[in-house]
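Please load the model in your viewer and keep the selection panel handy. We will go from one stop to the next, with a word on what to select each time.

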Amino acid sequence: GNDEKKPTDPVGLSRSILHVLKENPEGYCKLTSVGAKALQITMSAYRLASVAYSARTKGSVLVITQSEYTATIANNKTKGVCTRVFPIPVTFQV
């Protein structure tokens with residue numbers, strides 16, 4: 001079999017972020033990524049989702065927090081990044 005996974009599409013991932021936030025308006029969307037390419041895709045998706053969300057809500061923006069975690073990939077420990085996407089009302093912006 002072909003074990004090569006295709007990289008996640010940032011546009012599809014941004015739609016998923018928006019879907020999760022729509023289903024959980026009081027919550028957040030959590031994304032985990034391992035490696036520079038995965039983090040780049042995550043950040044691209046966040047930027048796309050952020051623009052769409054702001055246009056759709058006319059009063060909220062998306063912000064992120066990020067933290068490192070340890071992941072195990074093919075029995076090797078490696079660092080990953082956990083990205084949480086939160087919607088906040090624009091009145092809280094500084």
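Predicted model: local features only at pLDDT ≥ 70, side-chain atom pairs only at ≥ 80, totals over all residues.

Residues are numbered from 1 along each chain as its sequence is written, and side-chain values use heavy atoms, with hydrogens and water left out.

Now widen the selection to β2 and β3 (residues 76–89), which pair in the antiparallel sense over 14 bridges. Two strands count as paired if DSSP finds at least two bridges between them. Another bridge to pick out joins Y69 to G80 of β3.

Follow the two strands to their turn. β2 and β3 form a hairpin with 2 residues between them, and A74 in that turn has a positive phi of about 50°.

Next, click on I73, which is found in strand β2. Buried means under 20% relative accessible area, exposed over 50%, and partly exposed in between, using a 1.4 Å probe and protein chains only. Leaving out residues up to four places away in sequence, I73 touches V34 and T78; contact means heavy atoms within 4.5 Å. I73 and V34 are 39 residues apart in sequence, and their C-alpha atoms are 8.9 Å apart in space.

**The whole sheet**

The 3 strands form an open sheet in the order β1-β3-β2, with antiparallel pairing. β1 (29–34) and β2 (60–73) stand at the edges with a single partner strand each, so one side of each is left without a neighbour in the sheet. From one strand to the next, the twist averages 20°.

What joins β1 to β3? The two strands pair in the antiparallel sense over 6 bridges, and one to select is T32 with its bridge partner C82 in β3. Colour the two faces of β1 separately: C29, L31 and S33 make up the covered face, and K30, T32 and V34 the uncovered one.

**The helices over the sheet**

Show α1 next. This helix lies across β1, β2 and β3, running at about 150° to β1. α2 also lies across β1, β2 and β3, and runs at about 160° to β2. For these angles, axes are lines fitted to C-alpha atoms, for helices over the stretch in contact, and angles run from 0 to 180 degrees between N-to-C directions.

Hide the strands for a moment and look at the helix pair. The axes of α1 (residues 10–23) and α2 (residues 36–57) come within 8 Å and cross at roughly 50°. That makes α1 oblique to α2; angles under 35 degrees count as roughly parallel, over 145 as roughly antiparallel, 65 to 115 as roughly perpendicular, and the rest as oblique.

To see the contact, select P10, V11, L13, S14, I17, L18, L21 and K22 of α1, then I41, T42, S44, A45, Y46, L48, A49, A52, Y53 and R56 of α2.

Two of these residues deserve a click of their own. S14 sits in helix α1 and counts as buried at 6% relative accessibility. Not counting residues up to four places away in sequence, S14 touches A45, L48 and A49.

Y46 is in helix α2 and is buried too, with a relative accessible area of 14%.

**Zooming out**

Finally, show everything. The protein has 2 helices and 3 strands, and from the N terminus on its elements run α-β-α-β-β. Its C-alpha atoms fill a box of roughly 45 × 25 × 20 Å along the principal axes. Of its 94 residues, 28% count as buried.

Methods. Helix = DSSP H or I, 4+ residues; strand = E, 2+ residues; numbered from the N terminus.
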